[in-house]
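Please show me the chain and its fold, and then take me through a few of its elements with questions that I can check by eye.

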Amino acid sequence: MNAFDRLSVIYGYIRPVLDVGILTYFLYSAYTLVIKTHGLQIIKSLLLLGGAYAVALALNLTTVLWILNSLAPGLLIGFAIIFQPELRKLFLKLGQGNWFRFDSRAKHTYIDSVLLAAEILSKQKRGMLVVFMRKTAMKDIADTGTRLNADLTSSILVTIFGHDTPMHDGACLIQNGKIVSAGCFLPLSEQYDIKKTFGTRHRAALGLSEETDAVVLVVSEETGAISLAYDSKLHYDLTMEQLNKTLESLLDISNSDFTEEEQANDVTSKA
């Protein structure tokens, strides 16, 4: 037996494992996308129609089969229209993957400034809404507010949200250490089981996390609780340690990335 034959035999053993492994990965990825985008109702509806068609086929119900076959094209178009929001979210999540990115690592060095501002506003019972942009473009949302393109500092955030300025009711969009825009309007959550005690800020934070991959930090004006919304879920009333750890993980932040100038600015802002 030559080397090629040996490789063929080895591949024959590996191929089923590889086949099952790849299929499992895609099925799991599809499952997580469906759960995160609340597309489970689409699956239930399709299964219901499929079950009805199977029953009609098994019992040879010719009239029902004729009706279902005639309505099939219209039903597909109807599904696309009725479940358009869910399908849009599903494809948005697919497009947020790293399959077509050669370098997905981004250096973020501004978390301390945001958390410091959040802590100050929390003690003052002032609301705050900050969006950490990741891969999804948000030009349409940024255009609803006031373009700033300003260097991010805790002082600016406290000034925006700590006083009744025209921009304090909206959200600040942050990207690469810059405040891109302030006073932005976010889409409200479509979840029906959200707590009634949550106000507009929490609903807006959750709504944006349902449509994009952004991480949204919220400070409650009523309780002072600081929360994070991402991946269509709201994590309420986190400690500063939990906030720091979660943001570092989600935004790929490394404390070692601080330059001497940034460290000096951070110390100055804390003082």
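The questions below concern strands, salt bridges and a pair of helices.

Q: What kind of model is this, and what pLDDT do local features need?
A: Residues are numbered from 1 along each chain as its sequence is written, and side-chain values use heavy atoms, with hydrogens and water left out. The model is predicted, side-chain atom pairs count only at pLDDT 80 or more, totals for chains, interfaces and linings use all residues, and local features need pLDDT of at least 70.

Q: How many residues of strand β3 are buried?
A: Helices (H or I, at least four residues) and strands (E, at least two) are DSSP runs, numbered from the N terminus, and buried means under 20% relative accessible area, exposed over 50%, and partly exposed in between, with a 1.4 Å probe and protein chains only. Strand β3 covers residues 171-175 and is mostly covered, the buried residues being four of its five.

Q: Which residue in β3 stands opposite valine 131?
A: Two strands pair if DSSP finds at least two bridges between them. Strand β1 (residues 128-132) runs parallel to β3 and is joined to β3 by three bridges. Opposite valine 131 in this arrangement stands leucine 173.

Q: In which sense do β3 and β4 pair, parallel or antiparallel, and which residue of their hairpin takes a positive phi near 50°?
A: Strand β4 covers residues 178-184, and four bridges pair β3 with β4 in the antiparallel sense. Glutamine 175 stands opposite lysine 178 in β4. The hairpin has two residues between the strands, and the residue with a positive phi near 50° is asparagine 176.

Q: How many residues apart are aspartate 164 and arginine 126?
A: The side chains of aspartate 164 and arginine 126 meet in a salt bridge of 2.8 Å, N to O. Aspartate 164 lies in the loop between α7 (154-162) and β3, while arginine 126 lies in the loop between α5 (111-123) and β1, so that the pair links distant parts of the chain, and the two are apart by 38 residues.

Q: How far apart are the end C-alpha atoms of α5?
A: The expected span of a helix is 1.5 Å times one less than its number of residues. The 13 residues of α5 should therefore span 18 Å, which agrees with the distance between its end C-alpha atoms, 19 Å.

Q: At what angle do the axes of α5 and α7 cross?
A: Contact means heavy atoms within 4.5 Å, and residues of α5 including Leu116 and Leu121 meet residues of α7 including Leu157 and Phe161. Axes are lines fitted to C-alpha atoms, for helices over the stretch in contact, and angles run from 0 to 180 degrees between N-to-C directions. The axes of α5 and α7 come within 8 Å and cross at roughly 35°.

Notes: Salt bridge = Lys/Arg side-chain N within 4 Å of Asp/Glu carboxyl O.
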